[in-house]
Amino acid sequence: MSPPETYHHNPHNDAHDGERELPLSLEDYAITRNGFLPEEAPLTRLPSIYYSPWESVMDTLSVSLTNRTLRSQVDQLPVLSTKLLAAEPEWRRAYLVLIFLAHAYIWGGDTASEILPPQLTLPLLTVSSHLHLPPVATYAGLNLWNFRTTSPSHDFTDLDHLHALHTFTGTEDESWFYMVSAAMEARGGEIISGMLRGREEEDMHDLQTTTQALREFVACIAALGGLLERMYERCRPGVYYHLIRPFLAGSSGMEGAGLPKGVFYDEGASGERCQGRKGQWRKYRGGSNGQSSLVQFLDAALGVEHGVVGAGNSNSKAGEKTDSNPKETSYHEEIRAYMPEPHRRFLRDVSARYPGGMRTLVGEILATSMPLETEKRALGEAFQTATQSLAGFRDKHMQIVARYIIIPSRHPAPLKEEGEKVMNNLATASSRLGGKVKGNGDGDKGEKGGQCEGTGELTGTGGTALVPFLKQSRDETVRAGVLFS
Ligand code: HEM
């Protein structure tokens, strides 16, 4: 079980006059009026002065990366205990600090560091175990818990007033990259309770709640698509691809970037596993927006089901079992291990309580012989529009991926000064690896000899074969809209 949360009362959970109470209490899942974002903006520093050595390194992170002093600063840090971390926001702040320092340490040199020192690993292992997250950069640390707002009304959907607390590069581009997702999470959070209530509707003679929930879903997806497309405003594709993205890379599938065994998490002097050091070689996926619980909630709410990439799923219908090996898990299933535990539990409970989501409910209602043809037609249309809008959102996302990854991957990193490549494009090399779905975390054995040859398929920071995967996710969304065939 997760540690007790300190979330405040959530007005979105309240049933208004005539509304059914939600069967799942959103507070139990650390879901707030801002959706999967916290109720309040995250801590900007750890309150105890004991942690000032960490915070001081964070204060100058991007500068230290540029002048290559970050690793020596980390090496000189004391090994700090986690005993002074109290409330959950402090644990999240500690996690954010440690994952930023860990990725800066691994990727912030001329070659990747295969070893993470105990100054980082010892507290990081404790903090990530407390939060039930892997000890690596995740969407939670980079996006959900890494923002402040200058909005007078503390409106987290107000993208123009959101700012990342930390970036690797010190660029506006990187802050914007994280903040677009943060604003989307806040906007998307507004429909969580409505969708659950709409799915809960069992009164066949009043279909309006469900139809209305689907219409609000469509409006929400339009807003999310609008925010997504604002990525172009302040995040330049070349800066993203050559400067930002390399820092987000994980340790799985990184042979081409100098991490054939992953990363050794050095836990101190005793032991014998690596040059007399205690510790473990570990492989994790990198940080990715694909770890957003919101998008997986939208899928679960509608009834979109994702299969294993390339396992014959492109011809299967939503909800059908495929021929793939039952032991294989889909990317979407696997990536849940990288989400905060309460959010992961929420997705599991939503799918268990409402198998097939709206798709099942709408299918059942349309199949009945009740004389409410107009309402039934409106409901069916609202459902079709909802699935189309989510598929359209995925199309927009694919265009972003083309602009930010596929096109820049064909061009070398620009020169900063004559003869000098922009720093840190180590993991960019790993963008072209062979293999299907790559890298599923600790001890991953799934590599298909994916060396960096420059000829393989493009992979995401999360390690997926990019284009087929994204197309399949979009097609699965379209198919969920087909109710009868
Ligand atoms: C410059 C902007 C972006 C780029 C380059 C990008 C890139 C990618 C890549 C490479 C993947 C493949 C999986 C992986 O590598 O982990 C992916 C998946 C995904 N991304 Fe993005 N992404 C961007 C913005 C966003 C934003 C803002 C969101 C919203 C939360 C988002 C949501 C997703 C989701 C949900 C997936 C999983 C596939 C799916 O369900 O359709 N992405 N993205």
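Guide: In this text, a residue is called buried when its relative accessible area is under 20%, exposed when that area is over 50%, and partly exposed in between. The structure discussed here is a predicted model.

Visitor: Is histidine 397 buried, partly exposed or exposed?
Guide: Histidine 397 belongs to helix α16, which runs over residues 373-406. Its relative accessibility is 30%. The limit for buried is under 20% and the limit for exposed is over 50%, so histidine 397 lies between these limits and counts as partly exposed.

Visitor: Which residues is histidine 397 in contact with, leaving aside its neighbours within four places in sequence?
Guide: Contact here requires heavy atoms within 4.5 Å. With the neighbours within four places in sequence set aside, the residues in contact with histidine 397 are Leu228 and Leu470.

Visitor: Which protein residue is the donor to the iron atom of the ligand?
Guide: The protein supplies a single donor to this iron atom, and the donor atom is NE2, at 2.0 Å. An unreviewed UniProt entry carries the annotation "binding site" for the residue concerned. That residue is His397.

Visitor: How far is a nitrogen atom of the ligand from an N or O atom in the side chain of histidine 397?
Guide: Histidine 397 is among the residues that come nearest to the ligand, together with Ser288, Tyr331, His332 and Arg394. Between a nitrogen atom of the ligand and an N or O atom in the side chain of histidine 397, the distance is 2.8 Å.

Visitor: Which helix gives the most to the shell around the ligand?
Guide: Four helices each supply at least two residues of this shell: α7 (172-189), α13 (331-334), α16 and α17 (466-480). The greatest contribution is six residues, and it comes from α16.

Visitor: Which residue has its backbone oxygen reached by the side chain of glutamine 296?
Guide: Glutamine 296 is part of helix α12, residues 293-302. It is buried because its relative accessible area is 5%, and buried means under 20%. Among the residues in contact with it are Ile335, Arg336, Met339 and Leu347. At 2.7 Å, its side chain reaches the backbone oxygen of histidine 332.

Visitor: What separation lies between the C-alpha atoms of alanine 402 and glutamate 190?
Guide: Alanine 402 is in helix α16, and it is partly exposed because its relative accessible area is 25%. Beyond the neighbours within four places in sequence, it is in contact with Ile407 and Pro408. Glutamate 190 stands 212 residues away from alanine 402 along the chain, and the separation of their C-alpha atoms is 29 Å.

Visitor: What separation lies between the C-alpha atoms of leucine 361 and threonine 210?
Guide: Leucine 361 is placed in helix α15, residues 357-367. At 5% relative accessibility, it counts as buried. Leucine 361 and threonine 210 are 151 residues apart along the chain, and their C-alpha atoms are separated by 9.2 Å.

Visitor: Is alanine 30 buried or exposed?
Guide: Alanine 30 is located in the segment before α1 (52-59). Its phi is near 55°, which is a positive value in a residue other than glycine. Its relative accessible area is 2%, and therefore alanine 30 is buried.

Visitor: What is the relative accessible area of histidine 154?
Guide: Histidine 154 is found in the loop between β2 (147-149) and β3 (162-164). Its phi, near 55°, is a positive value in a residue other than glycine. Histidine 154 is partly exposed, because its relative accessible area is 48%.

Visitor: What percentage of the residues of the chain count as buried?
Guide: The chain has 17 helices and nine strands. Among its contacts between residues at least 6 apart in sequence, 76% join residues at least 24 apart. Of its 485 residues, the share that count as buried is 57%.

Definitions and conventions
Residues numbered from 1 in each chain as written. Predicted model: local features only at pLDDT ≥ 70, side-chain atom pairs only at ≥ 80, totals over all residues. Heavy atoms only, no water. UniProt positions renumbered as here; feature names shortened; annotations may be inferred. Buried < 20%, exposed > 50% of the residue type's maximum accessible area, 1.4 Å probe, protein only. Near = heavy atom within 4 Å. Polar contact = N/O pair within 3.5 Å; in protein donor to acceptor, adjacent residues only side chain to side chain. Donors = N, O, S within 2.8 Å, 3.2 Å for Na, K, Ca; no water.
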